[in-house]
Each structure stands twice: as structure tokens, then as C-alpha cells.
Amino acid sequence: MGEHVRLTAWVHGHVQGVGFRWWTRSRALELGLVGHATNTRDGRVLVVAEGPREQCEKLLALSRSGHTPGTVDLVVESWDPAKGDMSGFEER
């Protein structure tokens, strides 16, 4: 199914306390991805997901779609080779 990658996405906006991490976990599991969604002290959510690049790109597009809990103002992403050190998808 293609190259496996690691997506790291910093999600800015009103994304804490609104179910965004739960929503991200649900979408990631539907897409067959592993990783985590973590609240940060500055109000952002850090999303780290691994799997086929096409599936990671779908998760990124969903995060930017305007159809998420809360309000996403900006998503800043970076791409790396998959490390293969995660299983499941956690809310942290």
C-alpha cells in the first residue's frame, strides 16, 4: 500500500476540551494508522501518526476539513520515515 511514513502535525486553534483527540483517534483507526494525539501546554494538539503515506495524507486533510470538533485554525505538518515504534492509537 505504499511507503510508510511518520506524520507529525501541530494543530492550532480551539482544539482542547472539545473531543478533538478522540475524533483524531477514531479517524486514525479507521485509516489503519498508529500513533497518538496529545494535548500540549500551549493549547495545541500534537498528532503523530504512522502508516501508508496516502492514509496519513487523508488524516491530515480531515484535520483541515472544517468538520472537526472545535475550531482548527492552522495545521503545521512535517514528514519523516516511519520508525515502527508505536502500536494502536492513543489519546494522551
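This is a predicted model: local features need pLDDT of at least 70, side-chain atom pairs count only at pLDDT 80 or more; totals for chains, interfaces and linings use all residues.
Two packed helices are described by the angle between their axes and the distance between the axes. The axes of α1 and α2 come within 10 Å and cross at roughly 150°, and the crossing of α1 past α2 is right-handed. On the α1 side, the contact is made by F20, W23, T24, R27 and A28; on the α2 side, L59, L62 and S63 take part. Sorted by class, the residues of this contact are five nonpolar, two polar and one charged.

## The sheet

Five strands form an open sheet with mixed pairing, in the order β4-β1-β3-β2-β5. The edges are held by β4 (71–81) and β5 (89–91). Each of these two has a single partner strand, so one side of β4 and one side of β5 are left without a neighbour in the sheet. From one strand to the next, the twist averages 15°.

Strands of a sheet pair through backbone hydrogen bonds, either parallel or antiparallel. Strand β3 takes part in two antiparallel pairings described here: eight bridges pair β1 with β3, and six bridges join β2 (residues 34–39) to β3 (residues 45–52). Strand β3 is mostly covered, with eight of its eight residues buried.

Strands β2 and β3 also form a hairpin, with five residues between them. In the turn of this hairpin, G43 has a positive phi of about 95°.

## Helix α1 on the sheet

Helix α1 comprises residues 20–30 and packs on the sheet, where it touches β1 (4–14), β2, β3, β4 and β5. The direction of α1 makes about 175° with that of β5.

The buried residues of α1 are F20, W23, T24, S26, R27 and A28. These buried residues pack against β1, β2, β3, β4 and β5, and against α2. Among them, F20, W23, T24, R27 and A28 also make the contact with α2. After α1 comes G32, whose phi is positive, near 75°.

## A residue of the β4–β5 loop

K83 is placed in the loop between β4 and β5. Is this residue buried or exposed? K83 has a relative accessibility of 60% and therefore counts as exposed, the cut-off for that class being over 50%.

Leaving aside neighbours within four places in sequence, K83 is in contact with R6 and E50. The C-alpha atoms of K83 and R25 are separated by 19 Å, and the two residues lie 58 residues apart along the chain.

## The annotated domain

An unreviewed UniProt entry places the feature "domain: Acylphosphatase-like" at residues 6–92. Over residues 6–92, the chain is 25% helix and 43% strand. The end C-alpha atoms of this stretch are 18 Å apart.

Conventions
Residues are numbered from 1 along each chain as its sequence is written. Side-chain values use heavy atoms; hydrogens and water are left out. Two strands pair if DSSP finds at least two bridges between them. Helices (H or I, at least four residues) and strands (E, at least two) are DSSP runs, numbered from the N terminus. Axes are lines fitted to C-alpha atoms, for helices over the stretch in contact, and angles run from 0 to 180 degrees between N-to-C directions. Contact means heavy atoms within 4.5 Å. A crossing is left-handed if the near helix is turned anticlockwise from the far one by less than a right angle, and right-handed if clockwise. Ala, Val, Leu, Ile, Met, Phe, Trp, Tyr, Cys and Pro count as nonpolar, Asp, Glu, Lys and Arg as charged, and the others, Gly among them, as polar. UniProt positions are given in the numbering used here, feature names are shortened, and annotations may be inferred rather than shown by experiment. Buried means under 20% relative accessible area, exposed over 50%, partly exposed in between (1.4 Å probe, protein chains only).
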